[in-house]
Amino acid sequence: MVNITLRVLSKPDTENLSKIFRNLGTDWDERVLPSIGNEVLKAVVAQYQAEQLLTSRDKVSSAVRDELTKRAAEFNILIDDVAITHLSFGTEFTRAVEAKQVAQQEAERARFIVMKAEQERKAAVVRAEGESEAARLISEATRQAGQGLIELRRIEAAREIAGTLAKSRNVVYLPGGNSNLLLGVNPQ
């Protein structure tokens with residue numbers, strides 16, 4: 001159900017004023033305009049879907065003006081202006097529009113979640129490929145450098161352990177000589 005309020009500005013055709021008063025009387029506007037207005041409005045509105053009435057209001061108003069001008073000319077009435085001043089829909093349609101908007105928002109949210117999951121999956125794949133490449137490069141470097149890379153890592157670890165122990169209050173000295181602090185790794 002659609003409720004539409006229409007404003008019509010009209011005047012009699014002065015050349016046919018005597019015909020108007022003879023056929024329609026002095027209250028010509030009250031007798032003719034409401035009936036032809038409703039007739040034209042119903043005919044024009046029936047051509048549009050409910051959503052189009054909202055989005056194309058000026059187009060609907062123009063179509064009503066054109067048709068009403070033609071219809072009023074049959075009664076020697078001139079139409080100056082026609083405008084849709086109010087447009088509302090029944091509660092069922094309003095609820096349906098709200099439900100549609102909620103469904104569209106939920107669908108958009110679901111699309112966003114899917115896109116986010118896809119991006120996270122791609123990031124995990126790239127991260128795994130990077131870690132794999134790093135492991136491959138380390139393995140290759142170890143093979144090529146022999147024990148040199150392992151010795152470099154042992155020295156870096158020893159430096160880090162020595163730095164940590166030096167800051168600790170519980171260690172009085174670091175043993176020297178052949179004793180090894182690096183978890184039983186024997187240099188060769």
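S61 is located in helix 4, helices (H or I, at least four residues) and strands (E, at least two) being DSSP runs numbered from the N terminus. The model is predicted: local features need pLDDT of at least 70 and side-chain atom pairs count only at pLDDT 80 or more, whereas totals for chains, interfaces and linings use all residues. Residues are numbered from 1 along each chain as its sequence is written, and side-chain values use heavy atoms, with hydrogens and water left out.

With a relative accessibility of 11%, S61 counts as buried (under 20% relative accessible area; exposed, over 50%; partly exposed, in between; 1.4 Å probe, protein chains only). Not counting residues up to four places away in sequence, S61 touches V82, A83 and I84 (contact: heavy atoms within 4.5 Å).

In helix 2 (residues 28-45), the buried residues are W28, V32, L33, I36, G37, V40, L41, V44 and V45. They lie on the same side of helix 2 because they cover an arc of only 150° around the axis, taken from the directions from the helix axis to the C-beta atoms. On the other side of helix 2, E30 and K42 are exposed. The cover over the buried residues of helix 2 includes strand 1 (2-12), helix 1 (17-23), helix 3 (50-55), helix 4 (57-73) and strand 2 (77-89).

Leaving aside neighbours within four places in sequence, V64 contacts L6, V40, L41, V44 and V82.
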